[in-house]
Every structure is written in C-alpha cells, then in structure tokens.
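Trainee: I am new to this structure. Please walk me through it, one feature at a time.

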Amino acid sequence: MDFRIYNTRTRSVEAFAPQVAGRVGLYVCGMTVYDDAHIGHARAMVVFDTFVRWLRATGWNARFVRNFTDVDDKIIRRATELGEDPAALAQRYIDRFHEDMLALGLAAPDAEPRVTSSIGTIVRLIERLVERGHAYAAEGSVWFDVASFDRYGALSNQQPSELRSEDPQAGKRGGADFALWKAVKPGEPSWESPWGPGRPGWHVECSAMAEQELGETIDIHGGGLDLVFPHHENEVAQSECAHGGATYARYWMHNGLLTMSSGQKMGKSLGNAVTIRALLETYPAEALRLYYLQTHYRSPLPFDEAALPDALGMLARLYEAREVAEKMGGEGDPDGIARALGADALEVLTLGRAFRAGMDEALREDFNTSRALGLAFELARAVNRLSNHPKSKKLGGPLVAPALEALASLADIGLLTLDTATFQAEIKAKRLPMLGVTAAQVEELIAARAQARRDKEWAKADAIRDELEAKRIAVMDRPDGATEWRIRL
RNA sequence: GGCGCCGUACCCAAGUGGCUAAGGGAAAGGUUUGCAAAACCUUCAUUCUCCGGUUCGAAUCCGGACGGCGCCUCCA
C-alpha cells in the first residue's frame, strides 16, 4: 500500500517511492548503551516498531535495522567510574535493553549491528574517505573535512560558517570537522587501524553499518529529532562522499521528543529520566504504546504521569468493547438484521466495514496514528450502543463481525494483541501492589458482600462496596448475577 | 548569533483553504441499577494565543507580536 511521509530533507510530506518495488529498507539509530533506556527512547522505539508493523501488514517487504553504539566516551567514562570493563558494561545494558524491548512488545529488528562488531567495515569506509580527499589523518586521529563536501548542511539547513565551533583540537583543520577515528588514549579500548590504534567516531559507525546492512542508499532513515544535527548531517556527508555522491537516505523520518511537563526534553544526561522498566512495573506495555500513538509521531510529547491512567482507561475501553462484541450471538445476513434492528445496528455494521480503509487512509498520510485511533473509539462506542439493544445479544453477532475484524486489525499497530483475560490480569498484577491489597483480599470481601446481598442486608453490602471503593476497586454486578471487579484507574 | 518547531475547549489531542472544528478524559443532567459500576443519551470551542494582510472564503496561506521548546556539545 502506498503512503506519504514527512521527509526532513525536503521539509515536506512526500509520496514514498521505494528503490525496489515492494521493498523498504529502514535504518533507525539505536541506543548508546551505558544506562537503562528511558521512556523517551521508548517513544522512538515504539513509533518505528509500529510503523514497521503497519508496513508489513499492508504488504511491504520491510528490512528493519537498528544499531547499538557499544563503544563511546560515555560508556568508557561510566565503566571507569564503576571499575568495570567497558565491553562488559555495554553488553549488560544491551541485555537489559533487549529485556525492555521484549517487555514493550516490540518486534526484533532484522539486524542489530554493533560498532565493536563492525570495526573492519568502519575502517574501510574511513579509508575510502581519505583516498577521495574528504578526510585527513592527524596525530593518530582521522577527521572529516567538512569543507570538501559542498552539500554539507543540506539535511539540517545549516551553514557550516554559522555554526558555533567547538574548541580547537589537535590536528583538526575546520571548526565543523568531526572525528572519524579517535586515537587511543591510555586505558581506553582500541582497535588497530592504518592510522594507529584507536576507535571509531560516533557518526561514522552508522554510515558503515547502514551500508553493510542496506547498501549505499537507504530508503528510510529514522531517529529522534535531536539527531538531525550533527549526527545525521554527518552521516550524509560521510556516506555520500565515500560513495561518490550517491544519495545516502532518500527519506528522513524523525520522531518528536518526549519532554518533561516543564517542557524540557527527557534525557539521561539531564537526570530527569523515567526508565522503561520502572514504568512497566505499573502500566501494561500497550497502555504506554497507546499513550505514544495518541499523539502524532512528529509532535513533541510532554510527559505527564497523569496521562498514563487516561491511556490505560482508553485501552480498557477498546478491550471492553471487543469483549461486548464477542459475546453477541446469532447468525444470518447482517444487512437484513441491521434493517430489522434499526439505526444503531446499521451504524455498527457501517463503521465496522469502513474501519480498515479509514485506518489505512490515516496511516498512509504521514502515519497519523491519532486519527486512526479516533476511528477505533467511534467504533467502540457504536458497539456499546448496539449492546443496549434488547435483541443485540442474540442477534448482533453478524452485525459486529466486521467490528471485531476491525479491532483485530489494531494488532497491526501493536494494540489489542492480548485476550481480555490476559489484559485484565496484567492490570491487576501491576496495579494491585500500588493499592496495598491482594487479589485474595478483594475476592474475600466480594464473597462477603455477595452473602450480604443474598441476605438482602443492603447496608452491609454497601459498606463493603465503600470499603473496596476506598481502595480504588470498582465492583460490578452483572445482570446474570455474577460480580466482577476492576481497578479504578 | 545561526537553523528549526510549537501555541486548537477545564486537560490530552486530530484537523493545514470551503461540508456539523475527529477522538479520549474531566464536569453537569438523564436512562439503567436494591445501591453502584460499566455502558448509552444530552450539554460542554459561532471558534482555533493576539494583531494585521491575502482570498468570494483561513484554525489552515503571508507578515508581525507575545508565549513555550528543540538543535548548533552527548542525546531517541
């Protein structure tokens, strides 16, 4: 299915045209592994996971590559502080990152190249840049010569002359020149190279790994908006100079940053980070996903703890509508039944049938997940409305069949992937500890209340309800006599 | 100093030239219920930070002001 996507390079929404029909190669800048990933990283991971899922669901053969930066200044500094080997530290955080991604319900990338496994590729790329006159060695380091690339600044719309230049460093000629290879310093990990022992600069690794996994020209390159300059600008310079001018990435897709409610962005170095694993202790992964997908991927998202219960409530609303629909029985011609049952029945049928096309239409236009979700909620309301019809339980099945198919298709963006019991159990497992009660205690109170109700001791029954309500447990008596309970979000 | 982004109801948020300004939450009233919860119904922006301009027509385009951010140093 064709789609349009905002391209940072041209600053406009463009129709996507693949290099090879039906195929998409996607490279997303991954983590520098020196600490646990926070929910700002999670936003980027979830956005691109969702995008790839949807691409595949709509028929694309997508190859998704996400790297690890497993050697760099911060890793080395942290390892030194902890008295740990940098490689061991990086591996530890890679393992923890994988755990986090699994907990978030993300599909594994097709390739996850690491810098330390790609040194040869990186060195060969730097050699090509030196040979072509785009890089120069000085005192064991190699620098990219920004002045040698006239398109420098095109991606981020920067003029090299206007940039604040950093402090001059040994052997560096231009203020905007950046390191391709860093000469070893005492106590640092290093690899042999034609320029002596050292390690890769930050930007060159992505150029090298992207070429290795996806070829000289990538279809879509993704990452956080904060990477546009200098990281992605430098990747363009390196790759296009090494490849004789061939376009590095045809579409640049950048996600907006998660900011604190104060407006500042969340960052490990800013010390204001909420880690993924901390958040997933109290919220289901799909609630976090819905929280992200409610907002367009390019918009800044101010993190607000209070928004998470809302997101969980929204998710529960979708799950509950699905459960309501699943319980409707009957068979026959849906259009005939709709005519017999009236406007609400026709509405469910119509919205259910139109959903998938509507969702895709929204996602095809710069991946507008917010609009797609709006349609899902309209459908959920229609299902619930139909459920008020006295005959819906016996006859509604055929009417809600398209709606159930529609809700199932939300799995293509990673939502409603669980069965209802699993979802409810997850909420209880994650939220009950915060409320200071156990499921057994709740069940006990509910049993006592049931007895009081049988005895028609309404005051006693209501006292128990109040007691549970004080613990944020909502008790629901079903028409068939059963009593269920939910945690009030 | 340079390059950008954003400002839509009480809150979150879609909409970027023209049909009723999606959707969720909150709030108020109602249906239902032993009481509740959930669900449903109704109400809730003649208006899109402000001021000009373009246009038959603008939240949407242009200019300016005010406010909030991002990048230029590590950052998803």
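**Between two domains**

Mentor: The second largest pocket is lined by residues from both domain 2 (305-420) and domain 3 (436-487), so it lies between these two domains. Domain bounds here come from an automatic or database domain assignment. This is a predicted model: local features need pLDDT of at least 70, side-chain atom pairs count only at pLDDT 80 or more, and totals for chains, interfaces and linings use all residues. Residues are numbered from 1 along each chain as its sequence is written, chains are lettered from A and ligands numbered from 1 in the order in which they are written, and side-chain values use heavy atoms, with hydrogens and water left out.

Trainee: What is a pocket, and what is a cavity?

Mentor: Both are found on a 1 Å grid over the protein atoms alone. In a cavity, a 1.4 Å probe fits but cannot get out. A pocket is an open set of points with protein on both sides within 12 Å along at least five of seven lines. Lining residues have an atom within 4 Å of a point. Points are joined across faces, edges and corners, and a volume is the space filled by probe spheres set on them.

Trainee: How much space lies in the second largest pocket, then?

Mentor: About 500 Å³. Its lining has 15 residues, and Val 324, Lys 327, Lys 393, Arg 478 and Pro 479 are the closest to its centre. Helix H9 (307-326), helix H13 (392-395) and strand S14 (483-487) each give two or more residues to this lining. H9 has the largest share, 3 residues. Helices (H or I, at least four residues) and strands (E, at least two) are DSSP runs, numbered from the N terminus.

Trainee: How do the residues of that lining divide by class?

Mentor: Into 5 nonpolar, 2 polar and 8 charged. Ala, Val, Leu, Ile, Met, Phe, Trp, Tyr, Cys and Pro count as nonpolar; Asp, Glu, Lys and Arg as charged; the others, Gly among them, as polar.

Trainee: What about the largest cavity?

Mentor: The count is 1 cavity of 30 Å³ or more. The largest cavity has a volume of about 40 Å³. Helix H3 (residues 86-103) gives the most to its lining, 4 residues. Among the lining residues are Asp 35, Tyr 93 and Phe 97.

Trainee: Which salt bridge does Asp 35 form?

Mentor: A salt bridge puts a side-chain nitrogen of Lys or Arg within 4 Å of a carboxyl oxygen of Asp or Glu. Asp 35 pairs with Arg 78, with the closest N and O atoms 3.8 Å apart. Arg 78 is in helix H2 (residues 73-82), and Asp 35 is in the loop between strand S3 (23-32) and helix H1 (39-57), 43 residues away. The whole structure has 33 salt bridges.

Trainee: How should I read a domain interface?

Mentor: The size of an interface is often given as the accessible area lost when the parts come together. Here that is the area (1.4 Å probe) lost by two parts, summed over both. Domain 1 and domain 2 bury about 1100 Å², 63% of it on carbon and sulfur atoms. Their C-alpha centres lie 40 Å apart. The contact (heavy atoms within 4.5 Å) takes 12 residues from domain 1 and 13 residues from domain 2. Between these domains the count is 1 salt bridge.

Trainee: Where is the cis peptide bond?

Mentor: From Phe 229 to Pro 230, with omega near 0 degrees. Pro 230 lies in helix H6 (residues 228-242).
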